[in-house]
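Have a look at the model below before reading on.

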Amino acid sequence: MSVAAQALKAIPEIDSLRLAGARVTLRRPLLSDAARIAELMNDYGVVKNLSRAPWPYGLEDAVSWLTHVAGHGGKPNDYPFAIVTSDGLIGVVGISTNPQNPEAAELGYWLGRFYWGRGFATEAGWLALGFAFDMLGLEEVEAGHFADNAASGRVLKKLGFTYTQDLARFSRARDCDVLCRMMVLPRRRFEDGTNTAEGGRNNGG
Ligand SMILES: CC(C)(COP(=O)(O)OP(=O)(O)OC[C@H]1O[C@@H](n2cnc3c(N)ncnc32)[C@H](O)[C@@H]1OP(=O)(O)O)[C@@H](O)C(=O)NCCC(=O)NCCS
């Protein structure tokens, strides 16, 4: 059994888990989130920066994704979380582990456009990384951003990630390969808190 699968077993409260930050809370996504996710993802500016989301993005796409991940219907290697504020769901952040290499995991995230530029992705990323390192016990987390998505690169830098390599990654929405800058965050650097993320451990988070 993979490390991640063992971890899932060891986290029986995963469906009721709440990871609370200063301004956002992470919780498991629910089928009832479909309409809100479809509303926020009906924006090419969001979807073009993701690798797997289709374009156009409609309610049926949200229902299909949620059916896949909600409750125990999801792959045991995927840990998506709804990012929730007083406005309700504003985006999604997740950790995906690789069944072939359980020690490797990848961070991904998106926010509805109205919520950009307020530090929410950095705060949500920090909470998801806490889950990856503290609850799943992973040793490092990877992330990649398309080279033309500087805002995401900045989020990863604030979280303490450093560049490793360029890869060509397929973007389903763009229907082509896009240059992707891969980055990594080892557990040690996360624990040192040598990042500038709001709520980082050196900041009392
Ligand atoms: C990328 C995304 C998640 C960022 O969310 P966010 O909540 O705005 O991020 P934060 O506010 O935490 O941080 C954004 C940082 O990028 C900076 N930034 C924004 N636009 C930028 C740009 N065009 N060039 C360089 N930096 C930029 C901001 O100034 C901020 O940095 P600062 O805190 O040093 O000022 C959001 O834009 C989004 O959802 N985009 C569409 C989906 C996506 O790209 N997902 C990531 C896939 S890898």
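In which hand does H2 pass H4, right-handed or left-handed? The crossing of H2 past H4 is right-handed; a crossing is left-handed if the near helix is turned anticlockwise from the far one by less than a right angle, and right-handed if clockwise. This is a predicted model, in which local features need pLDDT of at least 70 and side-chain atom pairs count only at pLDDT 80 or more, while totals for chains, interfaces and linings use all residues. Residues are numbered from 1 along each chain as its sequence is written.

The protein chain has seven helices and eight strands. Helices (H or I, at least four residues) and strands (E, at least two) are DSSP runs, numbered from the N terminus. Of its 205 residues, 35% count as buried, that is, with 20 or more other C-beta atoms within 10 Å of their own, whereas exposed means 12 or fewer, with C-beta atoms placed from the backbone.

Here are the two pairs side by side. Axes are lines fitted to C-alpha atoms, for helices over the stretch in contact, and angles run from 0 to 180 degrees between N-to-C directions.

| Pair | Angle | Axes |
|---|---|---|
| H2 (residues 34–41) and H4 (residues 59–69) | about 125° | 8 Å apart |
| H5 (residues 120–135) and H6 (residues 150–159) | roughly 50° | within 10 Å |

Start with H2 and H4, which pack at about 125°. This angle makes H2 oblique to H4; under 35 degrees counts as roughly parallel, over 145 as roughly antiparallel, 65 to 115 as roughly perpendicular and the rest as oblique. On the H2 side, the contact uses Ala34, Ala35, Ile37, Ala38 and Met41, and H4 brings Leu59, Asp61, Ala62, Val63 and Leu66. Residues are in contact if their C-beta atoms, placed from the backbone, lie within 7 Å. By class, this contact has nine nonpolar, no polar and one charged residues. Nonpolar covers Ala, Val, Leu, Ile, Met, Phe, Trp, Tyr, Cys and Pro, charged covers Asp, Glu, Lys and Arg, and the others, Gly among them, are polar.

Which residues of H4 are buried? They are Ala62, Trp65 and Leu66. Because they cover an arc of only 95° around the axis, they sit on the same side of H4; the arc is that of the directions from the helix axis to the C-beta atoms. These buried residues pack against H2, while Glu60, Ser64 and His68 are exposed on the other side of H4.

Now to the second pair: H5 and H6 also have a right-handed crossing. Ala121, Thr122, Gly125, Trp126 and Leu129 of H5 meet Val155, Lys158 and Leu159 of H6. This contact has five nonpolar, two polar and one charged residues.

Notes:
Contact = placed C-beta atoms within 7 Å.
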